[in-house]
Amino acid sequence: MKQIYENYTAEDQKVWKILFDRQFPELPKAATKEFLLGLDKVNFTADAIPNFDDTNKILRQLTGWEIYAVPGIVEDGLFFELMSNKKFPATTWVRKMSQLDYLEEPDMFHDVFAHIPLLTNQAFVDFLQAISQFGHEWIEDEWAIHLLSRIYWFTIEFGLIRETEGLRIYGAGILSSSGETKYSLSNEPNHFAYDVDHILDTGYRKDRMQENYFIIDSYEQLYESIPEIKEKIEKRLKERPVVS
């Protein structure tokens, strides 16, 4: 499908602006510097919903990635196949005014505002593509996908990074939520150093703020952990009990 830009209503544009203006003031002291740089590179502003065609020209030039329009949440096989080929699946619809504070299914503000700026960082997209290739390879194994989803969840969606200025956010699930932006950096949740085994042993829930966050030191560290992720998931697959 395609993003049909002229179909966006005045309310859609207003919702985008409200969400952008509400979240943006939090970002200079909360978001990773790479997100802020990426936001500038892809020319996202409060004044207009991003046009995928314009954004894709920039992304292709910077890292070879692009936004791929989808109607909503896609099944795992397609999800991993698209990202294995440097295509980030994103919805084109925007939540309604009545849904500003809570939305069950991710909309365009989450998919685009929160995810796309970091697609300008090469080490980050190399990591994203690599774990997507694993997902595509293991798609028939439910347990493998379950384990891989924990890696994705605690990095791409809810990851933190330690920078010179202090603890910062790179996970899109946090960056699209004003409440979780403040909460994740507070002393309330648990903060752990990035550790593949620890992440693989840690469950998560989608219906509330996270209890646990994992902290990387750099995006290169993420990418360099790819062989370890593959090795440790494959080890767990071999060691699982055989059900007769």
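What follows is a tour of the core, the cavity, a pocket and a few residues.

Some ground rules. This is a predicted model, in which local features need pLDDT of at least 70 and side-chain atom pairs count only at pLDDT 80 or more, while totals for chains, interfaces and linings use all residues. Residues are numbered from 1 along each chain as its sequence is written, and side-chain values use heavy atoms, with hydrogens and water left out.

The core comes first. A nonpolar core here is a set of buried Ala, Val, Leu, Ile, Met, Phe, Trp, Tyr and Cys residues joined through side-chain atoms within 4.5 Å. Buried means under 20% relative accessible area, exposed means over 50%, and partly exposed is in between, with a 1.4 Å probe and protein chains only. The largest nonpolar core has 80 residues, and those with the most contacts inside it are Phe113, Ile116, Leu119, Phe127, Tyr219 and Ile229. Helix α7, residues 142-157, gives the largest share of this core, nine residues. Helices are DSSP runs of H or I with at least four residues, strands are runs of E with at least two, and both are numbered from the N terminus.

Next, the cavity. On a 1 Å grid over the protein atoms alone, a cavity is a set of points where a 1.4 Å probe fits but cannot get out; a pocket is an open set with protein on both sides within 12 Å along at least five of seven lines; lining residues have an atom within 4 Å of a point. Grid points are joined across faces, edges and corners, and a volume is the space filled by probe spheres set on the points. How many cavities of 30 Å³ or more are there? The count is one, and the largest cavity has a volume of about 50 Å³. Its lining includes Phe88, His115, Leu119 and Tyr170. By class, that lining has nine nonpolar residues, one polar and no charged. Ala, Val, Leu, Ile, Met, Phe, Trp, Tyr, Cys and Pro count as nonpolar, Asp, Glu, Lys and Arg as charged, and the others, Gly among them, as polar.

Now an open site. The second largest pocket has a volume of about 180 Å³. Of its 13 lining residues, Lys2, Gln3, Phe52, Asp53 and Asn56 lie nearest its centre. Both α3 (52-62) and β1 (66-70) supply at least two residues of the lining, which by class has six nonpolar, three polar and four charged residues.

On to single residues. Thr181 lies in helix α9, residues 178-184. Is Thr181 buried or exposed? Thr181 counts as buried, at 2% relative accessibility. Its side chain is joined to that of Gln23 by a polar contact of 2.9 Å. A polar contact is a pair of N or O atoms within 3.5 Å; within protein, one must be able to donate a hydrogen and the other to accept it, and residues adjacent in sequence count only if both atoms are side-chain atoms. A polar atom of the Thr181 side chain also lies 3.0 Å from the backbone oxygen of Ile174.

Last, Asn190, in strand β5, residues 190-193. Asn190 is partly exposed, with a relative accessible area of 38%. A polar contact of 2.9 Å joins the side chains of Asn190 and Asn212.
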